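User: I am new to this structure. Please show me how to read it, one feature at a time.

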Amino acid sequence: MAVPLTAVLRTPAAEAVAAFALLLIAAVALKLVLLWRKLPRSGRSSEERRKKMYAPVAGTVFHHLLNFGRLYDFSTSCARQNPTYRILSPFHSEVYTADPANVEYILKTNFTNYGKGDYNYCTLKDLLGDGIFAVDGEKWWHQRKIASLVFSKRIFREYSSIVFRGNALKLVSVIAQAARSNSRMDIQDIFMKSSMDSIFQVAFGVELNSLSGSNEEERNFTEAFDDANVLISWRYVDPLWKMKKFLNFGCEAELKNKLKVVDDFVYKILTHKVSQSSKQLQKEDILSRLLNEREQDPKNITYQLCLHASIEEQVVREVNAVTKLIHHDEPIAMDVFTASLTDKVIEKMQYLHATLTETMRLHPAVPLDPKICFSDDTLPDGHDVRKGDMVAYMPYAMGRMRSIWGDDAEVFLPERWLKDGVGFVHESPYKFTAFQGGPRICLGKDMAYRQMKIFAVTLLHFFKFKLSDENRLVKYRTMLTLQIENGLLLHAIPRQGHDI
């Protein structure tokens, strides 16, 4: 029986051959672009051209393609050799920097010259639409203004704290069930469900209750959303993605299927759940806030405390010391304990704040943030960039740079944030870039800390956590936000004195 041509073309082998052939074409195009850039330009003397100083070349887009599975570590190794470097692409240069002076210049000093641009918008819009993470100009300013008004209201702060305490209590109940049966659990998956619940309650006034159960529709949505996130990120290293999208071929065909799952779930929520709310919402409202909420879950502090038992115990001692002033060593129910975690109480926990900040230094929610240069410019370190070049700063790499943090840059050390007699000491947002800086600085920074503190205090008060495989090295998926590959599997052990 004859095999349809479309079936043959969709086999992995055929796709690999086609991709290789297209990459060869792209490589030739890249060579022609480089030759063209070397040609004399009218109106500019050879002396003027020699004055330009571009960042050293660390490779081409094909190096990113080959290292896609470890892209953030590859970028870190490049930054250690040259804090600012270039990756050559067929259509533009990509400039990457881990220099705090450059970061401040891009995010603040010359903010108007660096934005998402058409390149990033076109890459992201299939997933994020016109959400605040994908747009510039009036669209960004309007959403920013609305969000700023919301975050500044005291009633919003109070309500969000109530929601976080309620979800912390639900987390304890879910983890207690696993602890009683000595079952291992994926804490990353649990935090994802809790994040979804928090988003819909805080932002939209809708109770989703995904943490209370496990239905197939929600699991499919979560998997599709994360896979779509990866596939969107793949576009940055695949110069042929638009052609594949047009042909509905390969990874773009897979992305289309994943986006349908995402859309079906979100539109069902909009139809059946958000109809309870007076707010007018779009798909990108939900997905943008979901992406933002993923930045705030405490999976990485859980991981670090599993690796550093002495730091975990110091956090627990501080929690016990502060809460003891309220409960006086008396046995206390879970709901009473979580209800007591007011802003005034958790703000006293300086070591916890330092531990969370140190976690985000090494595990920033957004590991790499690309902008587009709108006109020719020179960065503070003297490197020139051209109009249309992508210019990205690298929070993941910056957290590991000895030139920024000293010889112990890769050591998990909460004490670096504390000073005797002073307490917590803040760093420049252009050195510690977990929340951006300048006009796009994260409006939800305080809320993020508040949620992480409430979750961390509650869980550490009742449980001790142990990695299921203590020899496993955590690896991260290459996607818009930092996510542990294959989850974070743990066992929870009730702390002595607590009847869970």
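Analyst: Start with burial. Buried means under 20% relative accessible area, exposed means over 50%, and partly exposed lies in between, with a 1.4 Å probe and protein chains only. Now the case here. The buried residues of helix H15 are Lys299, Asn300, Ile301, Thr302, Tyr303, Gln304 and Leu305. That is seven of the nine residues in H15 (residues 299–307), so the helix is largely enclosed by the rest of the structure.

User: What kind of model is this, and how are residues numbered?

Analyst: This is a predicted model: local features need pLDDT of at least 70, side-chain atom pairs count only at pLDDT 80 or more, and totals for chains, interfaces and linings use all residues. Residues are numbered from 1 along each chain as its sequence is written, and side-chain values use heavy atoms, leaving out hydrogens and water.

User: How many helices and strands does the chain have?

Analyst: Helices (H or I, at least four residues) and strands (E, at least two) are DSSP runs, numbered from the N terminus. This chain has 22 helices and 15 strands. Of its 500 residues, 52% are buried. Contact means heavy atoms within 4.5 Å. Among contacts with a separation of 6 or more, 75% join residues 24 or more positions apart.

User: How do I read two packed helices?

Analyst: Two packed helices are described by the angle between their axes and the distance between the axes. Axes are lines fitted to C-alpha atoms, for helices over the stretch in contact, and angles run from 0 to 180 degrees between N-to-C directions. Angles under 35 degrees count as roughly parallel, over 145 as roughly antiparallel, 65 to 115 as roughly perpendicular, and the rest as oblique. Take H15 and H19. Their axes come within 9 Å and cross at roughly 100°. The two helices are therefore roughly perpendicular to each other. H15 contributes Asn300, Ile301, Gln304 and Leu305; H19 contributes Leu352, Thr355, Leu356, Thr359 and Leu362.

User: What classes of residue make up the contact of H15 with H19?

Analyst: Ala, Val, Leu, Ile, Met, Phe, Trp, Tyr, Cys and Pro count as nonpolar, Asp, Glu, Lys and Arg as charged, and the others, Gly among them, as polar. This contact has five nonpolar, four polar and no charged residues.

User: At what angle do H19 and H22 cross?

Analyst: The axes of H19 (residues 350–362) and H22 (residues 445–462) cross at roughly 115° and come within 11 Å. That makes H19 roughly perpendicular to H22. On the H19 side, the contact uses Leu352, His353, Leu356, Thr357 and Met360. On the H22 side, it uses Tyr449, Met452, Lys453, Ala456 and Val457. By class, these are seven nonpolar, two polar and one charged.

User: Now sheets. In what order do the six strands of the open sheet lie?

Analyst: Two strands pair if DSSP finds at least two bridges between them. The order is E1-E2-E3-E9-E6-E4, and the pairing is mixed. The edge strands are E1 (57–60) and E4 (114–115), each pairing on one side only. Helix H7 (residues 117–128) packs on this sheet, touching E3, E4, E6 (369–373) and E9.

User: Which strands pair with E3?

Analyst: E2 (residues 84–88) runs antiparallel to E3, joined by five bridges. Four residues lie between E2 and E3 in their hairpin. Tyrosine 85 has tyrosine 96 as its bridge partner, and isoleucine 87 has glutamate 94. E9 (residues 390–393) pairs with E3 in the parallel sense over four bridges. There, valine 95 stands opposite valine 391.

User: Which way do the side chains of E3 point?

Analyst: In a regular strand the side chains alternate between the two faces of the sheet. In E3 (residues 93–97), five of five residues are buried. Ser93, Val95 and Thr97 point one way, Glu94 and Tyr96 the other.

User: Where is lysine 244 found, and is it buried or exposed?

Analyst: Lysine 244 is found in helix H12 (residues 241–247). Lysine 244 is buried, with a relative accessible area of 8%. Leaving aside neighbours within four places in sequence, lysine 244 is in contact with Asp238, Phe249, Cys251 and Glu252.
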